[in-house]
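Q: I am new to this structure and would like to go through it step by step. Could we look at it together?
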Amino acid sequence: MSYIQHKAEESLEDYLETILILSRRLSAVRSIDVAAEMNFSKPSVSVAVKNLKMRGYITVSEDGHLHLTQEGQKIAESVYERHTLLTDWLVHLGIDPDVAARDACRMEHDITSESYEAMKKCILSILGRA
C-alpha cells in the first residue's frame, strides 16, 4: 500500500471512529456534527461520507443521519478500542493526556493486529484490567 493510500485509510478510520463516538453522545449523527467534532470543513466531510457510503461502511438516511453498517461498526470499534487503550497506557506512563491522545491516534493505525494484541495483554495487566 502506498503512503497516500495508507493515509486515506487512516482518514476513513478516523471518520468511522468519530461517527461511533458521536453516536454514543447524540441521538442522531449528521455530517455537520462530524465536521464540528473533527474541526474539518463541510466539503471535506461530504467527500469522506461519500467514500464511506460507497465502501459500505455507513448508510445515510433521507434526513441526512449517518449510521454505521455492521462492517463500519466493526472497524470503528476496533479503532476506538486501540485509541482508548493506547491513550490510557501513555497517560499511565506520565504523558500529558492531550499528547497521549494525539500519539495514540497515530499508533492505532500503524500497529499490526499481532503486535496490538500482545501489547493489549501486557497493558491490561499493567493497568490492572486483565
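Q: Is E10 buried or exposed?
A: E10 is buried, because its relative accessible area is 11% (buried means under 20% relative accessible area, exposed over 50%, partly exposed in between, with a 1.4 Å probe and protein chains only). The model is a predicted one, in which local features need pLDDT of at least 70 and side-chain atom pairs count only at pLDDT 80 or more, while totals for chains, interfaces and linings use all residues. Residues are numbered from 1 along each chain as its sequence is written, and side-chain values use heavy atoms, with hydrogens and water left out.

Q: Which helix holds E10?
A: E10 lies in helix α1 (helices are DSSP runs of H or I with at least four residues, strands are runs of E with at least two, and both are numbered from the N terminus).

Q: What is E10 in contact with, leaving aside neighbours within four places in sequence?
A: With those neighbours set aside, E10 is in contact with H109 and D110 (contact means heavy atoms within 4.5 Å).

Q: Turning to pockets, what volume does the largest one have?
A: The largest pocket has a volume of about 250 Å³. A pocket is an open set of points on a 1 Å grid over the protein atoms alone, where a 1.4 Å probe fits, with protein on both sides within 12 Å along at least five of seven lines; lining residues have an atom within 4 Å of a point. The volume is the space filled by probe spheres set on the points, which are joined across faces, edges and corners.

Q: Which residues line the largest pocket?
A: The lining consists of D14, E17, T18, I21, R25, E37, M38, F40, H83 and C105. Its largest share, five residues, comes from α1.

Q: And H83, where is that?
A: H83 is in helix α4, residues 70-92. H83 counts as buried because its relative accessibility is 17%. Apart from neighbours within four places in sequence, H83 is in contact with E17, A101, A104, C105 and E108.

Q: Which residues touch the most other members in the largest nonpolar core?
A: They are L16, V34, L52 and I58, in a core of 21 residues (a nonpolar core is a set of buried Ala, Val, Leu, Ile, Met, Phe, Trp, Tyr and Cys residues joined through side-chain atoms within 4.5 Å). The largest share of this core, six residues, comes from α1.

Q: What does a second, separate core include?
A: That core has seven residues, among them A104, Y116, I123 and L124.
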